[in-house]
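Hello! Here are some notes to read alongside the model, taken point by point.

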Amino acid sequence: MDDKSAAMYRNSAVQAPKLAQAEFPAMEERHNPSGSFDVTTTPPKLSTSQFGEGDMNMLPTPLVYTPCSPGSAVRSPLEQNFPHTPSSATPRAKKGYGGLIPVGADLLNRSHVLEDRQRILSEYAPHSALASATASSLSQRVSSLSGVDQKLDAIHECVPAAQSSLATVDSAQSDSEDVLTGYSIGDTSTPLHWRRVKQIGVGNFSNVYLYELNEQNATMPQKVAVKRVKYPEALTLSASPKSPRFREVMSRVENSLTRELEALACVSHPCIIQFLAINDPTFLNSKRPLSSRDLSRGLPPCDMVMSYCAGGDLFELASQNTLPEWLLRRIFTELTLAVKYLHENLIVHRDLKLENVLIKYPLDDILAMHEQPELLHNHHLVELADFGLCRRIEPEEMCTTRCGSEDYVSPEILMGVPYDGRLSDSWAMGVILYALLEDRLPFDPLPSAAPGKRQRRSSTAHRISRFEWRWIKMSDSDSPAKEIVSNCLTRKNLRFSIQEIYRNPYVNGLASTLQFAS
Ligand SMILES: Nc1ncnc2c1ncn2[C@@H]1O[C@H](COP(=O)(O)OP(=O)(O)OP(=O)(O)O)[C@@H](O)[C@H]1O
């Protein structure tokens, strides 16, 4: 970094508020003894066949959501400032739809997305399901992996093999409930009411809906995303609550839920989803919000009210659109700010991936904002979501739980050795940036692979462990972004920390111009 960049970095460094450590206790390994690695008895080895089997401690990811200023959650700054500006005047070519579709009908009405894609880019799918899933681009990924939500099979021993891979049930009594009653995180004394508009997302462990506030409230945006937890069927069938299996599954679900709730309640950064309200404050107040209750009438629903990101997630955005270079840089810069904030506060995310990067506004509004630089610099566009696998660490602490999403997981996690969660997050940042630049994931089979000789899905792990990736589209480019990728997708002792990613001119040169980052 030259002197100028260094000076810019010093001047623009985000002063992140420190979190109270005691408020966010580490609990993961403690509660998952069966999945922790004992490095004295488990020599480092590549165990791809085990990856995603019983020892995987990937837990149900409960909530996720975004920050937004009160009352402005859905309308873009462009609309707020220029109410008559048509936000979607010009049709654009969209990848994955075979031509033009009316813009403006897209991201706020995403039923086509829900149908087309169960958006699993990176879960631990059974090899049989993914053997033919060779995809040379992100948009092909959508169709080739459609419809299968595999994370549960691999992660949850809680789901018996004979059950469907979607062996979860919505935590609400009835999915047809249109009105949600909940309580603001800051004020659990006054109930608020929201009306359901439509479904906007499907996760492995949740359904996500758009809701609108029924009443006026100065501190609550009008539109919110509500993440409704899906409980594993193992908890909702007639299994005895006293059986070891029920208790184990319960412990995992409960840990994941409380971990994400605690993390979201602690963090505060414009580029991180904002946790606004919850249907039942017991989920905030109790360490055992499920098992401490009388469950004779079933598990209590858990609805998390989060800031709404009208632009959907980055996987969807990048797979359906050709994004301009300035926007890719902007998105990655904001993501870097979010992860830097987390690491400065000793939180590792551990599930950084395109699907967990949410876009605040519809793409056309963002493109229109580009004509209004002051708007663009004053408003964040990205919110990082899904804290179900995050963890609070001590400064020198190594993690032992193997978790993450396969395409984004670092070699050291694959190897089953203790790992620095911050450096594994850096690895995932490299995967994300590569995917944005190349329109494919770095460890997917190469697009040139002959159809008859397609590499098996299982070799993704081998490619990761051998650092086997290369530039294709970008091979002749001299973009400084390439330096970040090559320094992230490398050995951990050489790998960029998030601070080094931040200091790279590709990120820092832009971060220093963003008003909300200072
Ligand atoms: N705040 C939000 N605003 C808009 N869309 C959202 C929001 N939160 C989630 N979504 C959509 O819903 C999808 C599923 O949400 P999320 O990733 O939080 O669920 P999950 O069950 O934790 O998923 P995973 O399978 O990654 O564990 C997201 O990929 C995104 O498309």
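1. Let us start with Arg 228, which is buried because its relative accessible area is 1%, and buried here means under 20% relative accessible area, exposed over 50% and partly exposed in between, using a 1.4 Å probe and protein chains only. Arg 228 is found in strand β7, residues 223-232. Helices (H or I, at least four residues) and strands (E, at least two) are DSSP runs numbered from the N terminus. The side chain of Arg 228 makes a polar contact with the side chain of Asp 303, at 2.7 Å. A polar contact is a pair of N or O atoms within 3.5 Å; within protein, one must be able to donate a hydrogen and the other to accept it, and residues adjacent in sequence count only if both atoms are side-chain atoms.

2. A word on the model itself. It is a predicted one, in which local features need pLDDT of at least 70 and side-chain atom pairs count only at pLDDT 80 or more, while totals for chains, interfaces and linings use all residues. Residues are numbered from 1 along each chain as its sequence is written, and side-chain values use heavy atoms, with hydrogens and water left out.

3. Next, please look at Lys 227, which also lies in strand β7. The UniProt annotation "binding site", from an unreviewed entry, covers Lys 227. UniProt positions are given in the numbering used here, feature names are shortened, and annotations may be inferred rather than shown by experiment. Lys 227 is buried, with a relative accessible area of 4%. Across the strand pairing, Lys 227 stands opposite Met 304 in β9.

4. Which way do β7 and β9 run relative to each other, parallel or antiparallel? They run antiparallel and are joined by five bridges; two strands pair if DSSP finds at least two bridges between them. Strand β9 covers residues 303-307, and since five of its five residues are buried, it is largely enclosed by the rest of the structure.

5. Strand β9 has another pairing to follow, with strand β8 (residues 275-278), in the antiparallel sense over three bridges. Here Ile 278 stands opposite Met 304 in β9, and Phe 275 stands opposite Met 306 in β9. Strand β8 in turn pairs with β4 (residues 179-184), antiparallel over two bridges. In that pairing Ser 184 stands opposite Ala 277 in β8.

6. How many cavities of 30 Å³ or more are there? The count comes to five. On a 1 Å grid over the protein atoms alone, a cavity is a set of points where a 1.4 Å probe fits but cannot get out, and lining residues have an atom within 4 Å of a point. Grid points are joined across faces, edges and corners, and a volume is the space filled by probe spheres set on the points.

7. The second largest cavity has a volume of about 90 Å³. Its lining has 13 residues, of which Arg 350, Tyr 408, Val 409, Ser 424 and Ala 428 lie nearest its centre. Helix α16 (residues 421-438) gives the most to this lining, with three residues. By class, the lining has six nonpolar, four polar and three charged residues; Ala, Val, Leu, Ile, Met, Phe, Trp, Tyr, Cys and Pro count as nonpolar, Asp, Glu, Lys and Arg as charged, and the others, Gly among them, as polar.

8. Two backbone angles deserve a look. Most residues other than glycine have a negative phi. Leu 346, however, has a positive phi of about 60° although it is not a glycine. Leu 346 lies in the loop between α12 (325-344) and β10 (347-348) and is buried, at 14% relative accessible area. Asp 386 has a positive phi too, near 65°. Asp 386 belongs to the loop between β12 (382-384) and β13 (391-392), and its relative accessible area of 9% makes it buried.

9. Leu 441 sits in the loop between α16 and α17 (459-465) and is buried, with a relative accessible area of 1%. The C-alpha atoms of Leu 441 and Asp 407 are separated by 7.3 Å, although these residues are 34 residues apart along the chain. Asn 504 has its place in the loop between α19 (498-503) and α20 (505-511), and counts as buried at 4% relative accessibility. The side chain of Asn 504 reaches the backbone nitrogen of Tyr 506 at 2.8 Å.

Definitions and conventions: On a 1 Å grid over the protein atoms alone, a cavity is a set of points where a 1.4 Å probe fits but cannot get out, and a pocket is an open set with protein on both sides within 12 Å along at least five of seven lines; lining residues have an atom within 4 Å of a point.
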